[in-house]
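Trainee: Hi! Could you walk me through a structure today?
Mentor: Happy to, let's bring it up.
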Amino acid sequence: MNRREALEHFQKTYAEDVLNEKLHQAASLYEHRKELISSFIQSFQSICLQAHSAEVAKTRIGYITYSMRRTYLMDRNYNYVVEAYDKNWFFDPQPCYGIYDAGWAFSFLAELEDELNQLRKPYMNKIFQPDVERFVLQAAGEFHQYILKLAKDAIQQAVHLPEFKALKCEDDLEVRIGEYKGISEVVYSTAYGVLHDSTG
């Protein structure tokens, strides 16, 4: 068995099954999401408070983003970066920063990596730790989907917080969730209200 065959065998025989098992565990946790929603709302409340205190420097808030950072995931730091920007978005020189702890979903990513590192050993130096890391980073997007679903559930309550209502916002303010300075999805816009629910 050459290296390419070993990688294919490893992925089909072990990696996909272990990933599906971890995704199933994340889905089970998500079923009991009342506390998870509460934690997300607290992070939203916190960034709103920060943005409100910074409004002297900012005219209006244009974007609030929740960003997954793959560099953080590699260090097993499962915090999403939460930022409030003016209408210039990434060009805002002084965004407000916060964090949202997404460890409830991404801790399964760490388990996936640990288990796959054990399962690669019988392949006798044909599969290496960076191979496992690549697979795990590709899988991160699937765990992110649970954070996105949670955001869609939670934002419906979060936008009624007095801390959010107190903000001076652009008419088209967006709350977005996605990859850091990459692809993100709008979960709320002041122009259109709550755009999605997690059942849709």
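Mentor: We'll look at a helix pair and then at some strands.

Mentor: This is a predicted model, where local features need pLDDT of at least 70, side-chain atom pairs count only at pLDDT 80 or more, and totals for chains, interfaces and linings use all residues. Residues are numbered from 1 along each chain as its sequence is written, and side-chain values use heavy atoms, with hydrogens and water left out.

Trainee: At what angle do helix 1 and helix 4 cross?
Mentor: The axes of helix 1 (residues 3–31) and helix 4 (residues 103–119) cross at roughly 155° and come within 9 Å. Axes are lines fitted to C-alpha atoms, for helices over the stretch in contact, with angles from 0 to 180 degrees between N-to-C directions. Helices are DSSP runs of H or I with at least four residues, and strands are runs of E with at least two, numbered from the N terminus.

Trainee: So what do we call helix 1 relative to helix 4?
Mentor: Roughly antiparallel, the word for angles over 145 degrees.

Trainee: Which residues touch?
Mentor: With contact meaning heavy atoms within 4.5 Å, they include Phe-10 and Tyr-14 of helix 1 and Trp-104 and Phe-108 of helix 4.

Trainee: New topic: is strand 4 mostly covered or uncovered?
Mentor: Mostly covered: eight of the 11 residues in strand 4 (residues 169–179) are buried, meaning under 20% relative accessible area with a 1.4 Å probe, protein chains only.

Trainee: How does strand 5 run against strand 4?
Mentor: Antiparallel, with five bridges joining strand 4 to strand 5 (residues 184–189); pairing takes at least two DSSP bridges. Ile-177 stands opposite Glu-185 in strand 5.

Trainee: And strand 1?
Mentor: Strand 1 (residues 61–68) runs parallel to strand 4, joined by seven bridges.

How values were computed
Angles under 35 degrees count as roughly parallel, over 145 as roughly antiparallel, 65 to 115 as roughly perpendicular and the rest as oblique. Buried means under 20% relative accessible area, exposed over 50%, partly exposed in between (1.4 Å probe, protein chains only).
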